[in-house]
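Colleague: Could you give me a close look at one part of this model? Please spell out your cut-offs as you go.

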Amino acid sequence: MLILPTKIHLALEYFGVRSRSYFHNETISTYKALDPLAYYTAQIGRAHYNGVCDEKGIPLYRIGSESGHLPVQVAFWALGNFEHWRESKDESALAKVQLAAEWFVANQKSGGLWLTPFSSKRFGLDRDHQSAMVQGLAISTLLRANSVISNQRLLSAARLALEPFGREVRSGGVTEFVNGHPIYEEYPCKPPRHVLNGTIYALWGLNDAKRLANDVHAENLFNDGVRGLLSILPQFDSGYWSWYHVGEGVQNPATILYHRLHVVQLRVMAEMTGNQEFSTIADRFQQYLSSRMNAIRTLPKKIFWLIAGSI
């Protein structure tokens with residue numbers, strides 16, 4: 001689901017040009033154990049969106065001639081504006097957070113889901129598919145908005161959003177089980193392809209429900225999900241780079257931007273959980289960045305993945 005300018009940004013990374021696109025800005029850890037309203041990575045660069053918006057000012061996502069609300073984009077926009085409001089006390093930024101939160105309330109399905117209205121050919125998904133990453137980001141948005149606005153509708157929507165984590169993908173949820181452990185799926189496809197960054201965003205939403213809503217169910221889902229992620233985490237290490245996803249089918253190396261994101265996300269997970277396995281793999285992934293040849297080695301597999309997904 002990458003539009004042409006974003007693809008160009010990603011390609012230029014392999015030639016030493018650092019990307020500054022809206023969706024793939026540089027990742028910096030902002031996690032603070034004693035400040036639950038601070039998001040885990042910096043999103044303030046996403047506060048200002050210059051693209052097409054709806055009549056209320058909420059960003060729209062475009063693919064070719066199609067446009068619609070992409071839940072992931074709405075959440076990142078809201079989280080960026082929440083950071084901007086915390087830094088500047090700009091009330092217009094807080095108003096955008098409220099707009100996004102109300103959008104999530106209005107567009108939540110009865111089972112707690114938000115659906116992505118675009119298909120994903122590479123992952124074999126039709127329009128209106130569910131995503132654990134969407135669930136996590138929406139929870140993070142709703143609970144930050146509720147911390148300021150204090151609206152029971154926002155809190156109720158965030159709690160309802162936990163329900164799909166308790167359902168398997170085949171039953172309309174966002175969870176697959178690997179060796180008895182739950183994996184929260186960004187793309188609920190068959191065969192399963194476990195996406196590292198999306199699973200972590202989902203876990204962060206559950207952690208927010210634990211910290212900001214004192215939800216015991218969310219805490220249990222988070223702890224189970226951490227164990228699930230740790231059970232497959234070594235598989236994301238190719239020996240010279242990280243995989244974007246693991247599972248059956250065509251191998252898909254992370255782009256340089258996503259590889260850097262993996263490093264930061266894993267460091268945050270280590271700090272959150274105290275589990276040093278996250279740090280160990282983050283250090284290894286960071287070391288891979290020391291040689292540009294490691295990234296270049298991934299290109300044949302990345303190109304094959306892109307071609308296979310377009311057939």
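Modeller: Helices and strands here are DSSP runs, numbered from the N terminus: a helix is H or I over at least four residues, a strand is E over at least two. The model is predicted, so local features need pLDDT of at least 70 and side-chain atom pairs count only at pLDDT 80 or more, while totals for chains, interfaces and linings use all residues. Residues are numbered from 1 along each chain as its sequence is written, and side-chain values use heavy atoms, without hydrogens or water.

Start with helix α2, residues 71-88. Its 18 residues reach 25 Å from first C-alpha to last, close to the 26 Å expected at 1.5 Å a residue. That expected span is 1.5 Å times one less than the number of residues. In α2, 15 of the 18 residues are buried (buried means under 20% relative accessible area, exposed over 50%, partly exposed in between, with a 1.4 Å probe and protein chains only). Just after α2, Lys89 takes a positive phi of about 60°.

Now the sheet. It is open, with 3 antiparallel strands in the order β5-β6-β7. The edges are β5 (193-195) and β7 (252-253); each has a single partner strand, so one side of each lacks a neighbour in the sheet. Strands count as paired if DSSP finds at least two bridges between them. Strand β6 (residues 243-247) joins β7 in the antiparallel sense through 2 bridges. Trp243 stands opposite Pro253 in β7.

Helix α6, residues 196-213, packs on this sheet and touches β5 and β6. Contact means heavy atoms within 4.5 Å. The direction of α6 makes about 60° with that of β5. Axes are lines fitted to C-alpha atoms, for helices over the stretch in contact, and angles between N-to-C directions run from 0 to 180 degrees. The end C-alpha atoms of α6 are 25 Å apart, which agrees with the 26 Å its 18 residues should span. Of those 18 residues, 15 are buried. Just after α6, Asn214 has a positive phi of about 50°.

Last, the interior. A nonpolar core is a set of buried Ala, Val, Leu, Ile, Met, Phe, Trp, Tyr and Cys residues joined through side-chain atoms within 4.5 Å. The largest one holds 90 residues; Leu137, Leu142, Phe165, Trp204, Leu233 and Phe278 touch the most other members. Helix α8 (residues 256-273) gives the largest share, 10 residues.
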